[in-house]
Amino acid sequence: MAILLCRVDDRLIHGQVVVGWGAHLGLDFIAVVDDELSQSEWEQDLYHAGLPEDIDARFVGVEKAAHLIPKWAANAERGFVLTRDLATMRSLAEQGVLDDIEINLGGLHDAPGRRRVLPYLFLGVEDREELDRLRRTRAEVSAQDVPSARKIRLEELLKLKSE
Amino acid sequence: MSNNEVQGILVGHGKLAEGMLNAIEEITGSREGLYPVDNQGLTPEALEKRLSELTGEGPSVVFVDLPSGSCAFAARRLQHRRSRMALVCGVNLPLLLDFMFHRTLPLEEVIERLRSHVGISIEQPTDGDSAVPGR
């Protein structure tokens, strides 16, 4: 299987993803699943401009991603699926294309209605509803910002107090 | 502060920006024209807004550490609507010092100087000929 990890991170492609996880996993490509970005050429150029030469970036909408992920998973190339929010990842998981694939909660930052659960994870009511739906899928969900950090399983995460 | 002076914004991971400006201040006695921003805990939108406030409409150079970091992507996004803003990835102290001493020049000349001052020096003794006296 060559989808090594799926990550929810509102910063999308950034240092922790490219350098932290990219080097750790030996990535060939990062697939950003985002309806808005998949339609915006200039923003895609912006991300391509910052990536190392040996990592490719692909930008696809949710519907197309649901068809492509099983193909990527069967391919030898090593990939990483990235979404900026929980709803997008949950949508993919509910379609069954992320069964037995690990979903990494890597960065949801402070915003109105959200409260701090971990330094890199702020959750609001809607986020918790999304996590509850994700829990009912066959994806394995945990929080971990960088490879060297402790992995916090979803069950444990949901018991942590918000600040 | 003159409107024509180029503003420098230094954005980095962790406490890099403040740390580098601290070093600049120790060397030159000033940090005028350079503003630190750290990306900790900021959403991409909040980071871009902070950069937008600091760069203003005048000429500016945004210095970032990693080309693939959130700081660089926020700066590129802002650059899309700011024609008088340059982005420098891979910041180091020699670059910042050169900028500090020449930021009264027109933006294009400041950029040209930065291009020619990569600021990286790698020194390695050749076989049997140590560059370090006494080794």
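Good morning. In chain B, 62% of the contacts with a separation of 6 or more are between residues 24 or more positions apart; two residues are in contact if their C-beta atoms, placed from the backbone, lie within 7 Å. This is a predicted model, in which local features need pLDDT of at least 70 and side-chain atom pairs count only at pLDDT 80 or more, while totals for chains, interfaces and linings use all residues. Residues are numbered from 1 along each chain as its sequence is written, and chains are lettered from A and ligands numbered from 1 in the order in which they are written.

Chain B has five helices and four strands, where helices (H or I, at least four residues) and strands (E, at least two) are DSSP runs, numbered from the N terminus. Along the sequence the pattern reads β-α-β-α-β-α-β-α-α. The C-alpha trace of chain B spans about 55 × 35 × 25 Å along its principal axes.

Of the 135 residues in chain B, 36% are buried, meaning that 20 or more other C-beta atoms lie within 10 Å of the residue's own; 12 or fewer count as exposed, and values in between as partly exposed. Gly29(B) lies in the loop between helix H1 (16-28) and strand E2 (34-38). Gly29(B) is exposed because it has 8 other C-beta atoms within 10 Å.

I turn to the interface. On chain B, 15 residues are in contact with 17 residues of chain A. Helix H3 (residues 70-79) gives the most to this side of chain B, with five residues.
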